[in-house]
Amino acid sequence: MDIDTREIRFSAERLAEVYEIIGRYPEGRQKSALLPVLHIAQAEFDNWLSPEVMDYVADLLGIQPIEVYEVASFYTMFNLKPVGKYVLEVCRTGPCCLVGAEKLQSHLETKLGIKPGETTPDGMFTLKTVECLAACGFGPVMQVGATYYERLTPEKADELLEQFRKENKRATYC
Amino acid sequence: MATLFIDNAPYQVKEGKNLLEACLSLGFDLPYFCWHPAMGSVGACRQCAVKSFRDEEDTRGKLVMSCMEPVRDQARISIQDAEAVGFRAGIIEWLMTNHPHDCAVCDEGGSCHLQDMTVMTGHNYRRFRFNKRTYRNQDLGPFLNHEMNRCIHCYRCIRFYKDYAGGKDLDAMGAHNHVYFGRSEDGVLENEFSGNLAEVCPTGVFTDKSLKQHYTRKWDMTHAPSLCQGCAMGCNIIASERYGELRQISSRFNGEVNGYFICDRGRFGYEFVNSEDRIREIGVKGKPEIKDRDSLLRTAAARIREGSVLGIGSPRASLESNFALRKLVGEDNFYHGVADTEFDLVNLTLRILKEGTVRTPTLPEIESADAILILGEDLINTAPRMVLALRQAVRRGPGEALSARMNVPLWQDAAIRQAIQQDKAPLFSITPYPVRQDELATKSLYESPDDISRIGFAIAHAIDPDVTEIKRLSDEERMWTAHMAAVLLRAERPLIISGYGAGSEAVIKSAADVAWALKKSGKDVRLSLTVPECNSMGLAMMGGHRLESALDAVAHGHADTVIILENDLYRRAEKTLVDEFLQKSRHVILLDQVYHQTAEEADVIIPAGTFAEADGTLISGEGRAQRFYQVFVPDGPVQESWRWLQQLAEACGNRTLSHLRILDDFVLEIAKTCPQFEGIEHIAPPSDFRIGAQKIARQPHRYSGRTAKEAHIQVSERKPPSDEDSPLSFTMEGYHGIPPSAVVPFFWAPGWNSIQSINKYQIEVGGPLHDGDPGRRLIEPGDAHTPVFFAEQAAPFPIRPDCLYLIPQYAIFGTEEFSVHSPGIASRSPAAAITVARADADSWGLRDGDLLEFQFNGQEYKLAIQTNQQYPRGMGTLPIGLKGVPFMDLPGWIRLKPVERS
């Protein structure tokens, strides 16, 4: 990971976006902007929130670092450890399981040689199981970055993996 | 009043409370975790579920969380209902799935709310057979131990530390079943009230680390009702002992003084009692053979008889001890062992409170103030507990307004907090430098003491034109004084706070003027003036001469024998003066508890009992007389100073104290002969008080090892000491029910082993103790009359070239004489340095850490400096009393030595 050597600072463009979000809230309540700013920070810095990134966000919002840790550690969509370029979020809730999510998951596990929560050695894929993605009519569902992939089969999943390998671009929420 | 049916029986209860409070107040045992009387309800733990029925016809009912349901007239609930009982049993079983069941090695065991609730709910068989989640613990510094595996996730710690006490370095991290309560990394929990977590946490996650050094179960300790000696707030504490060692201080509820909480200086500053530096033996210079009481009394008496004697009293000694000394040496020869500036400040304070028109506030009155003005006081360091109260006060106004508007009861803590966000009732803080209370303030100003008083007088003038108008205010000052006056006038319960902190009489006077002006315009105002030590107020009320006069008396040969009561004179006057004083005195007799510089110079050293080994009465800054009781009888010749002085008087043939033998005699004599102390005989029951012919037991009935604990010294059990001074017994024999509130040695009720048993000692939960909260206020303002305002014209603070106006600064951890003997407290002391405005330091070419050389009162000093951008120019502060800082009777102008530029 090149995060350690990189300076933790938003680009001017991203910073403008951040200030626009902060500006939506009354003076003294900048903390309200925490969630959207964390999403931007995660997208910007290799799709995970290192303590340094969280401290930087705390500094931007004028709050204590621990207030950021508290929020970031609560939500599963924030990664607190480095992740692969593609985080494969497989829905493991009832309806998806009924139509083959478990088969999909075990296929991905075999294919990639990793368990949920793990990352492939090449840093390409992280497998993650998630709760209901609210697309129950189209299961099994997998979210990768901001995109839903629906009605998945092992074959379709293989195609997707190939496609991702070819693109080789980090998938983020925003 | 509303009628509440509980399991079909009608009860009369107060409206506006929640069902849990109502049930507990009625004496029912209903389990709970997340609710706390001081912190309200959040309905998080689900443990207090009861069945609620629509009406008499309703047989099904529904489960409700009793802490979240307001009391309604004619409401019908059931605690016994099978479904409610089952639900509560299920909840505790869930909460316990990850709990390690390590009670045997847990410090909380035996005083654990979780244990009590588990037993109460009937969860006694464990069905969970999977792995438990585990955590890594943190090093939280010298005061608290962290053991997260025990956590049941009630969130009380966060609600106390963050929401109630304003801490910033503890939070809840994670979600689901892996929530972690801790800091972002290892390190000291910084908030000054962190120790309360040990009581707030219902289980053993946060426990008292100082107790761990010499751990003993609650049931194995001897306890006594005591008073904190750390400052003049008069917080009530429980002091606990085993094997002749003081082992723990916990908070003793007093709704008028400290409520449920005390500060960390009070909780952890007790270790001096066990210290190596304690004076435990009799010492007579040149006569090492004198070791027993009688020969000492003979020797000391001979010396007292042959010379002309003077006595130096102490603001940290009890009323009884000061009184005994004054009797022994005679009123004319009784001097106050306090710095002269402090003498003047405290006497002024007393005069203002006695002759003025405004009362001092109790704790609930501070918490309900709706506009607050602080003049010159760095409260976290001079009256720590008050800051916690102010924190509640600033939240209360907006909370009440919202509560009324949105129809949400005030005890629904989360909802109210969420809705008011950072809205605060007005609090104005005008201090010489940045202080902790700034984070509560709507406006903070940093001004020199002179200017603080000018602003204070100007506010008073804006409220009442009879107060002299202050000229030459800056535009900004004029604007703020007008604003503050208007806000105070709009308030219903304004509170003015000042005190000794800024070292300025003018500041105190200006605070009095503001309060009196508000009173004149019909406001229900309170005036709180801090004083330095636990009995500063009592000593001032007793009367006596300045220390300066004592030094003069010896210098001029009017006296040659000095009796010093519980005092280190090197903390009261400059070194050269004290040196000369002690050298010129033919005999110096010192009664004290801990060795210090004065003890080095004394000819006769008499070991005096600390608060843990003595009984006595103290008068707090509020003017409240309260009694503290001995916890244990120490080995050796250590005894109460008043008892020593009485015996000394006898040995001298001085008959003035002959008729006084036990504490009650002293208390009655003081009340009889000093009208200002009338009433102190009623603050606690006399020594012959009995309940069913029984004394009140200091030891819990489960106290173990009594017959064996000294077997390594002697096999046969020693006769337990008897206590002729109080209605308490030193053993487990005696009354174990609820005694009068002033003599509660520990809180315990059947099924309630933890500190939560306080519920059973209160008339209603969260309210006063049965019998009323202990203590009696001795100072009430005179009849309504027109006050004579102090305000007079004064020039703005002058900045003098090559000079600096140096004022004292205090530190909750570090500047108090005894608490620094606790290693934890010592480790948190600030640096011994002068703090000045950065611009001033720049102009001298000095930077942080450089040495500043200066002259004060003819003496030369050299101290490191620290710079601060927010300090006013021309002024500096020095932490007086801190180790490594020489005593100077500040405030005063210091002359800087020219800085040599390299």
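Select B:Arg493 and B:Glu492 to start: their side chains meet in a salt bridge, 3.8 Å from N to O. The model is a predicted one, and every stop below is a place in that model. B:Arg493 counts as partly exposed, at 29% relative accessibility. B:Glu492 is exposed, with a relative accessible area of 55%.

**Further salt bridges in chain B**

Next, select B:Glu717 and B:Arg706. The closest N and O atoms of this salt bridge are 3.0 Å apart. Both residues lie in the loop between strand 26 (696-697) and strand 27 (728-729) of chain B, so the pair ties together parts that are eleven residues apart in sequence. B:Glu717 is partly exposed, with a relative accessible area of 37%, and B:Arg706 is also partly exposed, at 24%.

Move to B:Asp81 and B:Lys51, whose side chains form a salt bridge at 3.1 Å, N to O. Here distant parts of the chain are linked: B:Asp81 is in the loop between strand 5 (75-78) and helix 2 (82-96) of chain B, while B:Lys51 is in strand 3 (residues 49-53), 30 residues apart. Are these two buried or exposed? B:Asp81 has 17% relative accessibility and counts as buried. B:Lys51 is buried too, with a relative accessible area of 4%.

For a group of charged residues, select B:Glu256, B:Arg359, B:Glu365, B:Asp524, B:Arg526, B:Glu622, B:Arg624, B:Arg777 and B:Glu780 together. A network of salt bridges links these residues. Over all chains, a search of the whole structure finds 72 salt bridges.

Select residues 293-306 of chain B, which make up helix 8. Begin at its start, where a side-chain oxygen of B:Asp292 reaches to within 3.3 Å of the backbone nitrogen of B:Asp294. Then check the length of the helix.

Colour the buried residues of helix 8: B:Ser295, B:Leu296, B:Leu297, B:Thr299, B:Ala300, B:Ala301, B:Arg303 and B:Ile304. What covers them? The cover includes strand 13 (283-284), strand 14 (309-313), strand 21 (561-565), strand 22, strand 23 (604-607) and helix 22 (641-652) of chain B.

Follow strand 22 (residues 587-592) to B:His587. This histidine counts as buried, at 11% relative accessibility. Leaving aside residues up to four places away in sequence, B:His587 touches B:Arg303, B:Glu306, B:Asp560, B:Thr561, B:Val562 and B:Asp603.

**Helix 9**

Now select residues 319-329 of chain B. Ten of the eleven residues of this helix, helix 9, are buried, so it is largely enclosed by the rest of the structure. The buried residues are B:Leu319, B:Glu320, B:Ser321, B:Asn322, B:Phe323, B:Ala324, B:Leu325, B:Arg326, B:Leu328 and B:Val329. Step just past the end of helix 9 to B:Gly330, which takes a positive phi of about 95°.

**B:Ser822**

Jump to B:Ser822, in the loop between strand 29 (803-809) and helix 25 (823-827) of chain B. At 1% relative accessibility, B:Ser822 counts as buried. Which residues does B:Ser822 touch, not counting those up to four places away in sequence? The contacts are B:Phe268, B:Gly269, B:Tyr270 and B:Glu271. For a sense of distance, select B:Glu57 as well: its C-alpha atom and that of B:Ser822 are separated by 63 Å, and the two residues are 765 residues apart along the chain.

**Where chain A meets chain B**

Finally, show both chains. Nine residues from chain A and 16 residues from chain B take part in the contact. The size of an interface is often given as the accessible area lost when the parts come together. Between chain A and chain B the buried area is about 980 Å², with 54% coming from carbon and sulfur atoms. Select A:Arg29, A:Ile66 and A:Glu70: these supply 55% of the area that chain A buries against chain B, more than any other three residues.

By class, the side of chain A that touches chain B has three nonpolar, three polar and three charged residues.

Technical notes
Residues numbered from 1 in each chain as written. Chains lettered and ligands numbered in written order. Predicted model: local features only at pLDDT ≥ 70, side-chain atom pairs only at ≥ 80, totals over all residues. Heavy atoms only, no water. Helix = DSSP H or I, 4+ residues; strand = E, 2+ residues; numbered from the N terminus. Buried < 20%, exposed > 50% of the residue type's maximum accessible area, 1.4 Å probe, protein only. Contact = heavy atoms within 4.5 Å. Buried area = accessible area lost by both parts, 1.4 Å probe. Nonpolar A, V, L, I, M, F, W, Y, C, P; charged D, E, K, R; others polar. Expected span 1.5 Å × (residues − 1). Polar contact = N/O pair within 3.5 Å; in protein donor to acceptor, adjacent residues only side chain to side chain. Salt bridge = Lys/Arg side-chain N within 4 Å of Asp/Glu carboxyl O.
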